[in-house]
Number of protein chains: 2
Amino acid sequence: MTDTSTRPLLPTLDAVAVLAGVSRATVSRVINDSPRVSPEAREAVLSAVAELRYVPNRMARSLVTRRTDTIALVLNEPNTQVFSDPFFASIVRGVSATLADTDLNLVLLTARDEREQQKVGRYARQGHVDGVILMSVHSEDPLPDLLAEAGVPLVLCGRPFGDRPVAFVDADNRGGAAEATAHLAGLGRRRIATVTGPLDMIAGVDRHAGHLEALTAAGLPHRPELVAEGDFTVAGGERAMEQLLAREPDLDAVFVASDPMAFGVLRALRAAGRRVPEDVAVVGFDDAAVAQVCDPPLTTIAQPLADMTPLLTELLLRQIEGVAGPAESRVCRTHLVRRASA
Amino acid sequence: MTDTSTRPLLPTLDAVAVLAGVSRATVSRVINDSPRVSPEAREAVLSAVAELRYVPNRMARSLVTRRTDTIALVLNEPNTQVFSDPFFASIVRGVSATLADTDLNLVLLTARDEREQQKVGRYARQGHVDGVILMSVHSEDPLPDLLAEAGVPLVLCGRPFGDRPVAFVDADNRGGAAEATAHLAGLGRRRIATVTGPLDMIAGVDRHAGHLEALTAAGLPHRPELVAEGDFTVAGGERAMEQLLAREPDLDAVFVASDPMAFGVLRALRAAGRRVPEDVAVVGFDDAAVAQVCDPPLTTIAQPLADMTPLLTELLLRQIEGVAGPAESRVCRTHLVRRASA
DNA sequence: CGGGGGCGTGAGAACGCTCTCACGGCCGTG
DNA sequence: CACGGCCGTGAGAGCGTTCTCACGCCCCCG
């Protein structure tokens, strides 16, 4: 049935022990840097390890230690387009860099639909990983509960819906969005539209809330016809902007809840013959690489990724060590980056 | 030392067996869908599994089966920018989709430098995965040898340098590039420049070779001042185009070895006051999403991703099953997509 | 009615590692 | 010189599975 004939038989701890003339226990101690080993024994073991090109079998080790020294970064997002979203890429890079200095491994998992979520849940529950960082949480996402219930240490990247007792790290989406819209109002704009993110994602909801908050603060009305929902993609942003222009040709500013969408918004504005920023001022969100290469360069809200990714891993590691309470969370401050579009 | 106090003790096969009133072996048979189980026993086991919320311990299973039912997709690329490259995203999506129908898990690993490559190598050799798909192979990449030597089934996404006996799947980069340049020559262009990919990556080398081949076929000279090396990024493409314009202001066409670079090329051309395609015709490579949203829409070479990703997984699975020889490879045909830029 | 051949089942040995425990040997102290 | 303590070591018991055997059972055939 199982065909393992093609795989060479790897040397075991036992083989090393025999070659080094010591017991398995001593070899194990050397492998795990235990101090209680004589220099001679250590030397003998190390040369035996080198000679046999021994590599410890992680499965066997995990079976007894109940640790895998692996953590998972789960991207939970049906729209695969989002996979190339620069924000996601930055998080991956940051977490990966933070972990590079440790002896922890990082694996990325994607879950696009219910079935894949179940698969990821199983993967985690079966003990493949010591903990999970979960990104892009939609409102009806079953994964947090699945993992929390299985006792798998978990940190969300992004505030969860409701008041779940779950650790998370998030940017101050609401505050950042409010700053963006306040900036537009400060420029004297009065008909400020918005392209929101998906409203089943908390980042979409919070940024929209911040926008409305700033409108109120500036004494401007909440006009539903100046709100269009996007999906964090270029195409979605373009579509949303076309809708807005059709509904209210006189709008003089737009707060766009992500930079890729803002790129689409700029395209739609150009196609409609509007000048940016003269006719319509635009502010984005994320400060992604695309913000610098679009035309005109995009004024946007920068997320403090440099703070967020280390926090993410730190909180998770503390949970894994059993040091932290389960619901320790952080919100990181954003800031406005002024370029030409507003 | 080891603090596992926070993790609840999970139910074992034994516990299920006791509750169901059968032996461990029978429970195991039910879990693994063995046909040799009576309906009553199966029923008893399944309800016990449900009651205890039993999940098999994958480590224990792997220890004996020597399989993990997990394959790794390794992105081996120092430039993390490339992580958001649409081509990479498409491969991930495709492989992930192909595997969704199986009970195999997919993990993504990134290796940015020598140290991380070693880490990935260790991860694979320690038995965490049954096989590896390796992307973005640079000329001096140690990972293929590391894995091959350890006997880990391996398929490269992209032809390897030299004549290594390693399985791979690749697009016909050379043929595609030749078609692109031939198309430009066919439009009557005579001073055809190129922005290449990194020349330590085989895709960069092959596309450049195809370009030169088509120049020869069209009776055009190989002029070194019409060649600039890019790095597959927007910024790199923009820089390269600026160099080309400085060296040869009269050029009338450019073959760009990737769409993101072509986006940068279009920016540089616009900044220099050149009209596309009237003054300078541009052809890209990849048919990424960006090709449709840039201005003007990009004529480009489409890679047959729909063919490549299933092949990639198929070849790997065959190796894992022990069916395939180690060096079974495929090259997939590309095709020209005509839009406005050429 | 007796013997052979499935079929469902259970006992028990792996798999490769860690970790507890007990045991000699050496030191320092009384 | 006798005794307690520490240090390096090894024997052996798990960790939670799978898998090989061997064993009854029932059915079918002669």
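The axes of H4(A) and H4(B) cross at roughly 145° and come within 8 Å. (Axes are lines fitted to C-alpha atoms, for helices over the stretch in contact, and angles run from 0 to 180 degrees between N-to-C directions. Helices, H or I with at least four residues, and strands, E with at least two, are DSSP runs numbered from the N terminus.) A word on the model before going further: it is predicted, so local features need pLDDT of at least 70 and side-chain atom pairs count only at pLDDT 80 or more, while totals for chains, interfaces and linings use all residues. Residues are numbered from 1 along each chain as its sequence is written, and chains are lettered from A and ligands numbered from 1 in the order in which they are written.

Back to the pair of helices: H4(A) passes H4(B) in a left-handed crossing, meaning that the near helix is turned anticlockwise from the far one by less than a right angle, with clockwise being right-handed. On the chain A side, A:Met59, A:Ala60, A:Ser62 and A:Leu63 make the contact, and they meet B:Met59, B:Ala60, B:Ser62 and B:Leu63. (Ala, Val, Leu, Ile, Met, Phe, Trp, Tyr, Cys and Pro count as nonpolar, Asp, Glu, Lys and Arg as charged, and the others, Gly among them, as polar.)

At least two residues each come from H1, H2 and H4 of chain A and from H2 and H4 of chain B. The surface near DNA strand C is made of 14 nonpolar, nine polar and five charged residues.

Two or more residues each are given by helix H2 (24-31) and helix H4 (58-65) of chain A, and by helix H1 (13-20), helix H2 (24-31) and helix H4 (58-65) of chain B. Here H4(B) has the largest share, five residues. By class, the surface near DNA strand D holds 14 nonpolar, nine polar and five charged residues.

Helix H1 (residues 13-20) of chain A packs against H2(A) at an angle of about 105°, and their axes are 8 Å apart. That angle makes H1(A) roughly perpendicular to H2(A). (Under 35 degrees counts as roughly parallel, over 145 as roughly antiparallel, 65 to 115 as roughly perpendicular and the rest as oblique.) H1(A) brings A:Leu13, A:Asp14, A:Val16, A:Ala17 and A:Ala20 to the contact, while H2(A) brings A:Arg24, A:Val27 and A:Ser28. Five nonpolar, one polar and two charged residues make up this contact.

Methods. Two residues are in contact if their C-beta atoms, placed from the backbone, lie within 7 Å.
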